[in-house]
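The notes are grouped by topic and can be read beside the structure.

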Amino acid sequence: VDDAGETAALDFDHTDPVCAQDIYGQLASVREICPVLHGSKHGGFWAFSRFADVTSAANDHEHFTTRAGVTVPALGLPIGSVPLMTDPPEHKFYRRALQSFFTPAAVARLEGPIRDVVIERVDGFADRGRADLVAELAGPVPCIVIALVLGLDRALWSTFMDWVDGMEAASHVGDTASRQHYSASLYEFLVEQVERRKAEPRDDLLTAIASLTLDEAPVTDVIRYGMAQLILVAGHDTTVAGLGNLLRHLMEHPGLRAQVREDPGLLARVIEESLRFESPVFGLARTVTCPVTVQDRDLAPGDKVLLMFGAANHDPFRFPDPEVFDAERDDRPPHVAFGFGRHRCIGEHLARSELRIVAEEFLRRVPDYRLAPDAVITMRTALVRGPRSLDVVWEVA
Amino acid sequence: MRVRVDPEVCQGYAQCNSLVPEVFELDDDGISSVLIGEVPPDLVDAVTEAVDCCPTGAIVLERDPAGADPADAG
């Protein structure tokens with residue numbers, strides 16, 4: 001390992017713009033000598049890079065809890081997201097309460113409404129021959145869809161997206177006042193929406209959350225707001241990044257695009273490889289609860305640990321030639337882009353559905369496209385990894 | 001059709017729980033367990049998919065004898 005690799009291992013920072021642009025190159029150079037990295041930024045944190053370490057910690061709530069936050073740096077959300085930031089035993093009761101809204105069957109019922117949203121967006125720019133696919137497609141679709149799922153006024157989609165984006169930007173530069181402003185706006189919104197459903201029940205997920213009671217675990221109003229927060233926050237930004245990555249990968253592999261046109265069934269495999277290759281949620285954090293040793297590193301109570309799902313998905317012990325985008329890859333072992341274990345993404349089937357429908361409808365209107373001549377792709381420097389913009393051009397018939 | 005999870009084989013990927021939460025749940029150790037051993041007819045396809053998707057092959061199906069009336073099974 002060269003000096004640069006050594007330095008990266010000793011002071012890792014996924015939010016550093018230089019590191020973020022080539023994060024998998026950096027990790028490949030340090031992985032063998034230093035499977036558990038350390039970062040001094042953001043209050044100090046460990047970062048697990050191996051598939052085995054990431055997955056065993058993900059399900060080990062006795063040593064690694066989600067209760068004290070799941071991001072590095074702290075995003076500054078107003079309250080704890082539920083069920084993500086709860087542990088056993090109550091965790092499974094909260095999760096069970098929400099899960100029926102996100103099963104494959106429930107998501108299948110949203111197929112038509114999602115497709116309508118996507119077609120409306122693609123129609124808006126398909127005749128133009130040039131578009132920023134993040135701003136015009138990948139950004140709006142998940143926000144509008146999650147508004148539909150929750151039962152929110154879809155016209156509000158850009159409002160809550162701006163709050164979460166603002167919180168993330170402020171957390172990265174340590175702007176506490178700005179972070180608190182966005183956080184307070186989000187909290188007021190969640191409270192107002194849940195309380196309104198209590199007074200005027202509707203047929204939507206927010207009403208189910210507002211009226212939820214459980215025999216097995218306490219359901220306070222803060223728990224209810226935390227559930228609404230989880231669906232809203234986890235449900236849009238991550239999919240924005242996943243869509244941006246997929247549209248990028250389809251752009252960069254014209255041969256694959258042609259194959260998908262011939263064999264639409266291949267799209268499912270392209271989606272899984274896109275999720276593995278550039279995982280939209282690069283990692284989520286845990287907090288150490290009692291002394292534990294991982295790869296010869298002694299971790300102390302209170303230490304933050306970043307479980308790098310993206311790094312696990314590039315672990316050569318699990319995925320041969322991990323830096324090659326290969327849609328024919330054997331799908332066992334599966335990637336962990338949606339996490340692993342009890343906190344695995346509750347919305348994974350919804351996310352896959354959005355990825356598939358966007359790819360289908362976009363390729364139907366724009367079968368061939370390429371990066372605009374003067375455009376460059378820069379990745380977001382956050383735990384949610386996707387292109388900031390995807391400025392592409394195509395021939396208009 | 002009956003279903004069970006071999007706790008010695010399960011590693012806690014949670015794909016079954018994600019696919020069919022009505023049937024599979026993770027216990028406090030993160031290992032999958034079944035909430036209902038007898039699979040209702042409307043969930044047979046979903047449970048079969050969970051069997052196919054399990055990365056460790058931990059889910060065991062015990063199909064009813066051919067021709068048996070499911071209503072009489074068990």
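In chain A, A:L371 stands opposite A:V392, a residue of strand 10. The model is a predicted one.

- Strand 9 of chain A is joined to strand 10 (residues 391-393) of chain A by two bridges, and the two run antiparallel.
- These strands belong to an open sheet of three strands in chain A, with the order 4-10-9 and antiparallel pairing.
- Strand 4 and strand 9 (370-371) of chain A each have a single partner strand and stand at the edges, so one side of each has no neighbour in the sheet.

**Helix 7 of chain A**

- Helix 7 covers residues 111-125 of chain A; at 1.5 Å a residue its 15 residues should span 21 Å, and the 22 Å between its end C-alpha atoms agrees with this.
- Its buried residues are A:I114, A:R115, A:V117, A:V118, A:V122 and A:F125.
- Viewed down the axis of helix 7 of chain A, the buried residues fall within an arc of 160 degrees and therefore line one face of the helix.
- A:D116 and A:G124 are exposed on the other side of helix 7 of chain A.
- The buried residues of helix 7 pack against strand 4 (130-132), helix 8 (133-138), helix 9 (140-150) and helix 17 (348-365) of chain A.

**A:H349 and chain B**

- A:H349 is part of helix 17 of chain A.
- With 12% relative accessibility, A:H349 counts as buried.
- The side chains of A:H349 and B:S18 are joined by a polar contact of 2.9 Å.
- Leaving aside residues up to four places away in sequence, A:H349 touches A:F102, A:T103, A:P104, A:V107, B:S18 and B:L19.

Note on methods: Residues are numbered from 1 along each chain as its sequence is written. Chains are lettered from A and ligands numbered from 1 in the order in which they are written. This is a predicted model: local features need pLDDT of at least 70, side-chain atom pairs count only at pLDDT 80 or more; totals for chains, interfaces and linings use all residues. Side-chain values use heavy atoms; hydrogens and water are left out. Helices (H or I, at least four residues) and strands (E, at least two) are DSSP runs, numbered from the N terminus. The expected span of a helix is 1.5 Å times one less than its number of residues. Buried means under 20% relative accessible area, exposed over 50%, partly exposed in between (1.4 Å probe, protein chains only). The arc is that of the directions from the helix axis to the C-beta atoms. Contact means heavy atoms within 4.5 Å. A polar contact is a pair of N or O atoms within 3.5 Å; within protein, one must be able to donate a hydrogen and the other to accept it, and residues adjacent in sequence count only if both atoms are side-chain atoms. Two strands pair if DSSP finds at least two bridges between them.
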